[in-house]
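Reader: I am new to this structure. Can you show me how to read its features, one at a time?

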Amino acid sequence: MVSKTLSTLSFSVLCASECSAFVPHTQRSLINRVMNCSNKSYHAVLSLSAEKDEGGELDSFLSSFPSPEAVKMNILEGEVGERGEQYVVAQFGLLLLIAIGGVPFVGDDMTSFLGLSLIFAGLLLVYKAAADLKNNLSPWPVPADPKSGRGSLVDEGIYSYIRHPMYSGVLFGMIGLSLVTDSVTRLLLTGALYFALDAKSDYEEEKMIDAYGLEYEDYQRRVQGKFLPSGVNDTFTKRI
């Protein structure tokens with residue numbers, strides 16, 4: 001019972017401290033009062049429990065918890081806006097959305113609209129990629145032999161922005177289908193599809209280098225985005 005009370009008080013101090021990091025300075029006095037009150041209660045329980053703790057078990061248990069004063073100082077330390085508040089807001093915001101099981105104001109209609117938009121975008125990408133490839137179109141990752149008259153390096157149109165737009169279209173379409181059908185299984189399988197297409201594209205590019213040599217390597221340097229334009233791709237890869 002004592003340990004439960006102490007844990008509750010410590011959690012209250014931590015929550016109050018977290019809130020104080022995002023409110024104006026003029027409003028921190030109220031939060032500090034709450035924290036001071038919690039600190040007093042914490043130490044009162046500590047003192048009362050110490051009288052009954054003969055074997056030192058309580059001290060050992062309490063030593064595993066952070067000190068409320070230390071937590072408070074850690075949270076208040078640093079300048080507002082320079083402590084990475086945006087990541088804390090994102091972290092606790094997402095935890096809250098996970099806890100409530102959804103995003104407010106984003107219902108079935110919004111999910112369906114987003115899913116259908118992705119399906120449409122995916123179909124458009126696949127069509128544009130096929131149209132730009134022309135006689136180079138093939139399901140195999142090994143390119144057509146340039147000597148056959150059917151194989152050529154395509155670096156124009158949609159291929160001047162991303163190297164594998166057809167795979168991008170397929171992925172967008174499958175994500176959209178997962179949202180429209182509200183299927184977690186489809187979404188997980190789409191994740192597996194991404195890794196399969198990523199491996200296939202790597203193999204395909206090895207074969208493209210075999211066929212076109214320095215010409216394709218120069219194309220890779222000019223168009224750095226594999227499935228997404230280079231600017232968007234860099235934003236995602238830096239987070240992985």
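**Rings, helices and loops**

Author: Start with the rings. This is a predicted model. A search of the whole structure finds four aromatic pairs.

Reader: What kind of pair do Tyr167 and Phe227 form?

Author: Look at the distance between ring centres and the angle between planes. Tyr167 and Phe227 are edge-to-face, 6.4 Å centre to centre with 70° between the planes. This pair links distant parts of the chain. Tyr167 sits in helix α7, and Phe227 in the loop between α9 (214–222) and α10 (230–237). They are 60 residues apart.

Reader: Are these two residues buried or exposed?

Author: The cut-off for buried is under 20% relative accessible area. Tyr167 has 12%, so Tyr167 is buried. Phe227 has 8%, so Phe227 is buried.

Reader: And how are the rings of Tyr216 and Tyr219 arranged?

Author: Their centres are 5.5 Å apart and their planes meet at 50°, so this pair is tilted. Both residues lie in helix α9, three residues apart, about one turn of the helix. An α-helix has 3.6 residues a turn, so residues three or four places apart point the same way. Tyr216 and Tyr219 are both buried.

Reader: Which residues do ring pairs link into a cluster?

Author: The cluster holds Tyr167, Tyr194, Phe195 and Phe227.

Reader: Now the helices. At what angle do α7 and α8 pack?

Author: Helix α7 covers residues 165–180, and helix α8 covers residues 184–212. They pack at about 175°, with their axes 9 Å apart. An angle over 145 degrees counts as roughly antiparallel. The two helices are therefore roughly antiparallel to each other.

Reader: Which residues make the contact?

Author: From α7, they include Tyr167, Val170, Leu171 and Met174. From α8, they include Leu187, Leu193, Tyr194 and Leu197. The residues of this contact divide into 10 nonpolar, three polar and three charged.

Reader: How many residues does α6 have, and how far does it reach?

Author: Helix α6 spans residues 108–133 and has 26 residues. From first C-alpha to last it reaches 37 Å, close to the 38 Å expected at 1.5 Å a residue.

Reader: Which residues of α6 are buried?

Author: They are Gly115, Gly122, Leu125, Ala129, Asp132 and Leu133. These buried residues pack against α7.

Reader: What follows α6?

Author: Lys134 does, and its phi is positive, near 55°. The general rule is this. Most residues other than glycine have a negative phi. Lys134 is a residue other than glycine with a positive value. Lys134 lies in the loop between α6 and α7. At 64% relative accessibility, Lys134 counts as exposed.

Reader: What about the phi of Asp182?

Author: Asp182 also has a positive phi, near 55°. Asp182 is in the loop between α7 and α8. With 68% relative accessibility, Asp182 counts as exposed.

Reader: Is His164 buried or exposed?

Author: His164 is found in the loop between α6 and α7. Its relative accessibility is 5%, so His164 counts as buried.

Reader: Which residues is His164 in contact with?

Author: Leave aside its neighbours within four places in sequence. His164 is then in contact with Ser201, Glu204, Glu205, Tyr216, Lys226 and Phe227. His164 and Ala129 are 35 residues apart in sequence and 8.2 Å apart in space, C-alpha to C-alpha.

Note on methods. Residues numbered from 1 in each chain as written. Predicted model: local features only at pLDDT ≥ 70, side-chain atom pairs only at ≥ 80, totals over all residues. Heavy atoms only, no water. Axes fitted to C-alpha atoms, helices over the stretch in contact; angles between N-to-C directions. Helix = DSSP H or I, 4+ residues; strand = E, 2+ residues; numbered from the N terminus. Parallel < 35°, antiparallel > 145°, perpendicular 65-115°, else oblique. Contact = heavy atoms within 4.5 Å. Nonpolar A, V, L, I, M, F, W, Y, C, P; charged D, E, K, R; others polar. Expected span 1.5 Å × (residues − 1). Buried < 20%, exposed > 50% of the residue type's maximum accessible area, 1.4 Å probe, protein only. Phe/Tyr/Trp six-rings, centres within 6.5 Å; stacked < 30°, edge-to-face > 60°.
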